[in-house]
Amino acid sequence: MKYHQGKFKPINPDKYAGDASNIIYRSSWELRFMRWCDTSINVLKYSSEETVIPYRCGTDNRLHRYFVDFKLQIKAKDDSIKTYLVEVKPLGQTVPPKYPGKQTRRYITESMTFIKNQSKWKAAEEYCKDRGWIFMIITERELGI
């Protein structure tokens, strides 16, 4: 599988919280989301893979570091400023894999990925709750793909 990766050059580099000359996207979906962040008038600041959350993975019970895809500060309709941590993932990785009747290599890989993602997202939910932030998972549905 080929992934669409590269460097993002923002139209509004002042909105990027970090080094705006070194913004990396790891998929066409992340690129689409970055473009939205860069051009949306409600997004005040954003960053990519700058927030790191420690988590214990359910697959090996060891501590790991989760680099969340995006952190956003958004001006809400009531003029308050809300902070979001956002993960961009395929919808298929947000639900448990369907058991095909036997434990195939693909089923095991998909199950391990699902468990790992659930461990990350649980840690992100707790991290956000402690700070009064919101954690979201954006899939192809929200991106209109």
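A residue is termed buried when its relative accessible area is under 20%, exposed when it is over 50%, and partly exposed in between, with a 1.4 Å probe and protein chains only. The model is predicted, so local features need pLDDT of at least 70 and side-chain atom pairs count only at pLDDT 80 or more, whereas totals for chains, interfaces and linings use all residues. Residues are numbered from 1 along each chain as its sequence is written, and side-chain values use heavy atoms, leaving out hydrogens and water.

Phe70 is buried, because its relative accessibility is 1%. Aromatic pairs are rings of Phe, Tyr and Trp (its six-membered ring) with centres within 6.5 Å; planes under 30 degrees apart are stacked, over 60 edge-to-face, and the rest tilted. The count by this rule is 6 aromatic pairs. In one of them, the ring centres of Phe33 and Phe70 lie 4.8 Å apart with planes at 55°, and the pair is therefore tilted. This pair links distant parts of the chain, with Phe33 in helix H1 (residues 28-39) and Phe70 in strand S6 (residues 70-75), 37 residues apart. Helices (H or I, at least four residues) and strands (E, at least two) are DSSP runs numbered from the N terminus. Phe33 is also buried, at 6% relative accessible area, and ring pairs join Phe33, Trp36 and Phe70 into a cluster.

Attention now turns to Glu87. This residue belongs to strand S7 (residues 81-88) and is buried, because its relative accessibility is 4%. Contact (heavy atoms within 4.5 Å) is made by Glu87 with residues including Tyr66, Asp69 and Trp121, leaving aside those up to four places away in sequence.
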